[in-house]
Amino acid sequence: MYAIVEIAGQQFKVSKDQKVYVNRLATEEGANVTFDKVLLVDNAGTVTLGAPAITGASVGAKVLKHLQGDKVIVFKKKRRKGYKKKNGHRQALTQIVIEGITI
């Protein structure tokens, strides 16, 4: 059984006991979270599609920890102009584990 769910503006294909890195959520570590925007559910070959979301379906998860991703380097250059700009950032992430999918 798997589901496609929208979490923090991004879509993820999730199943039970799967660990997922998502954009930073405004919850504490160890808290339980429920995501109601389920777009698709596959239950042993029976596919249920939402238009746009399935009413009554939800995905339960637990927040494991908050962390930062790897550094992303942004380098801009214009040739023959002497323009170079180096910048970078580390994305704020949250690691969650999927506890269950309810239809």
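Two strands are taken to pair if DSSP finds at least two bridges between them. On this basis, in a model that is predicted, four strands form an open sheet in the order S2-S1-S5-S6, and the pairing within this sheet is antiparallel. Strands S2 and S6 stand at its edges with a single partner strand each, so that one side of each is left without a neighbour in the sheet. From one strand to the next, the twist of this sheet averages 20 degrees.

Within this sheet, strand S1 and strand S2 (residues 10-15) pair in the antiparallel sense over six bridges, with Val-5 standing opposite Phe-12 in S2. The two strands form a hairpin with two residues between them. Ala-8, which lies in the loop between S1 and S2, has a phi near 55 degrees, a positive value in a residue other than glycine. Ala-8 counts as partly exposed because its relative accessibility is 41%. Strand S1 is also joined to S5, by four bridges in an antiparallel arrangement, and the bridge partner of Tyr-2 in S5 is Asp-42. The ring of Tyr-2 has a further neighbour in Lys-13, whose charged end sits over the ring at 4.4 Å from its centre.

Ala-44 is placed in the loop between S5 and S6, and with a relative accessible area of 77% it is exposed. As regards the peptide bonds, the one from Ala-51 to Pro-52 is cis, with omega near -5 degrees, and Pro-52 lies in the loop between S6 and S7.

Another open sheet of four strands has the order S3-S8-S7-S4, again with antiparallel pairing. Its edge strands are strand S3 (19-23) and S4, each of which pairs on one side only. Neighbouring strands of this sheet are turned against each other by 45 degrees on average, direction ignored.

The pairing of S7 with strand S8 (residues 83-102) comprises 18 bridges, the two strands running antiparallel. Along this pair, the bridge partner of Lys-76 in S8 is Lys-85, while that of Ala-61 is Ile-98. Strands S7 and S8 form a hairpin that has four residues between the strands, and in this hairpin Arg-80 takes a positive phi near 60 degrees. Lys-78 lies over the face of Tyr-83, at 5.5 Å from the ring centre. Strand S8 is also joined to S3, by five bridges and in the antiparallel sense, and here Val-20 stands opposite Ile-96 in S8.

Side chains of opposite charge can pair when their charged atoms come close. The structure holds two salt bridges. In one of them, Lys-37 is joined to Glu-6, the closest N and O atoms being 3.8 Å apart. This pair links distant parts of the chain, with Lys-37 in the loop between strand S4 (32-35) and strand S5 (38-43) and Glu-6 in strand S1 (residues 2-7), 31 residues apart. Lys-37 counts as partly exposed because its relative accessibility is 40%, and Glu-6, with a relative accessible area of 26%, is likewise partly exposed. In the other salt bridge, the closest N and O atoms of Lys-16 and Asp-17 are 3.6 Å apart. Lys-16 is exposed, its relative accessible area being 51%, and Asp-17 is exposed as well, with a value of 58%.

The chain averages a pLDDT of 94, and 100% of the residues score at least 70. Among the elements of the chain, the lowest mean pLDDT, 89, belongs to strand S6 (residues 46-49), and the highest, 96, to strand S7 (residues 58-78).

Terms used: Residues are numbered from 1 along each chain as its sequence is written. This is a predicted model: local features need pLDDT of at least 70, side-chain atom pairs count only at pLDDT 80 or more; totals for chains, interfaces and linings use all residues. Side-chain values use heavy atoms; hydrogens and water are left out. A salt bridge is a side-chain nitrogen of Lys or Arg within 4 Å of a carboxyl oxygen of Asp or Glu. Buried means under 20% relative accessible area, exposed over 50%, partly exposed in between (1.4 Å probe, protein chains only). pLDDT is the predictor's confidence in each residue, from 0 to 100. A charge sits over a ring if NZ of Lys or CZ of Arg is within 6 Å of the ring centre and within 35 degrees of the ring normal. Axes are lines fitted to C-alpha atoms, for helices over the stretch in contact, and angles run from 0 to 180 degrees between N-to-C directions.
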